[in-house]
Amino acid sequence: MNTRKNSGGASAVATTPAAGGAAAGRTVRRAASSGSASERREHLVKLAAELFARKGFQATTVRQIADEAGILSGSLYHHFDSKESIVDEVLSTFLHDLIGRYRSALDGGGDARAVLSEMVRIGFGTLEPHRAAITVMQNDWNYLRSLPGDRFDYLIKAEDEVERMWVGQIKRGQAEGALRPDVDPKLTYRMIRDAIWVAVRWFRPGGRLNPAALSEHYITVLFDGLATGERTSHPA
């Protein structure tokens with residue numbers, strides 16, 4: 001999720017090529033030229049998302065998307081009325097999936113530590129299927145929010161809902177005695193959020209760590225910490 005709050009704006013995430021590189025792009029281009037209308041639309045969205053992530057939303061043109069798909073610019077308008085419509089679909093699909101999974105984690109029951117652990121797994125688990133969307137969220141958040149109209153107002157609503165879910169579970173853990181009472185729930189959530197989403201800068205699918213291993217490592221650090229022995233306080 002975007003790191004706009006207490007950060008002086010959206011954190012800049014280095015644009016990175018989509019997983020799979022040129023070979024993946026060729027596969028998408030071939031798929032975009034065949035199949036049903038819904039399949040073509042889906043592939044166009046994926047292709048455009050990769051371009052937005054690599055080049056930035058503002059720098060990507062409709063012509064470039066069409067060229068990558070191997071179609072004329074006019075043909076792209078059979079599916080979308082603008083590139084804003086495409087990025088809208090990229091981001092709304094990601095957020096719908098993310099929030100739905102978070103809600104399921106909360107509905108599944110368990111104590112606060114178990115629910116928070118599952119939410120960490122869900123967050124890191126999006127790095128592969130929604131890599132491009134997360135990169136766009138990080139890089140182009142402020143620009144999309146500055147566009148006229150209310151098309152992207154849902155970005156703020158989604159972020160606020162996610163924050164409420166996380167903060168609510170942290171507070172529940174404090175009330176249960178499972179989490180330290182001397183830490184600020186909202187600040188703690190934002191630090192967790194940034195650790196997850198900024199990982200899109202360096203996490204590489206197929207690398208040494210997969211999302212599951214990455215999640216378990218982070219959960220260990222989050223709940224068990226780095227220090228050993230009895231916790232000591234330090235003067236400010």
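**Exercise 1. Describe the largest pocket: what is its volume, and which elements line it?**

Solution. Start with the volume: the largest pocket of this predicted model holds about 820 Å³. A pocket is an open set of points on a 1 Å grid over the protein atoms alone, with protein on both sides within 12 Å along at least five of seven lines. Grid points are joined across faces, edges and corners, and a volume is the space filled by probe spheres set on the points.

Next, the elements. Helix H6 (112–125), H9 and helix H10 (211–224) each give two or more residues to the lining of the largest pocket. Helices here are DSSP runs (H or I, at least four residues), numbered from the N terminus. Lining residues have an atom within 4 Å of a point. The pocket has 23 of them, and Arg180, Val221, Leu222, Phe223 and Gly225 lie nearest its centre.

Last, the classes. The lining has 15 nonpolar, three polar and five charged residues. Ala, Val, Leu, Ile, Met, Phe, Trp, Tyr, Cys and Pro count as nonpolar; Asp, Glu, Lys and Arg as charged; the others, Gly among them, as polar.

Two notes on reading the model. Residues are numbered from 1 along each chain as its sequence is written, and side-chain values use heavy atoms, without hydrogens and water. Because the model is predicted, local features need pLDDT of at least 70 and side-chain atom pairs pLDDT 80 or more, while totals for chains, interfaces and linings use all residues.

**Exercise 2. Find the residues that line the largest cavity.**

Solution. A cavity is a set of grid points where a 1.4 Å probe fits but cannot get out. The largest cavity has about 30 Å³ of space. Its lining is Tyr102, Val162, Trp166, Tyr189, Arg193 and Trp197. H9 (185–197) supplies the largest share, three residues. Five of the lining residues are nonpolar and one is charged.

**Exercise 3. Trace the salt bridge network around Glu118.**

Solution. Arg121 and Glu118 form a salt bridge, with closest N and O atoms 3.5 Å apart. Both sit in helix H6, three residues apart, so about one helical turn separates them. The network links Glu118, Arg121 and Glu216.

Conventions
Salt bridge = Lys/Arg side-chain N within 4 Å of Asp/Glu carboxyl O.
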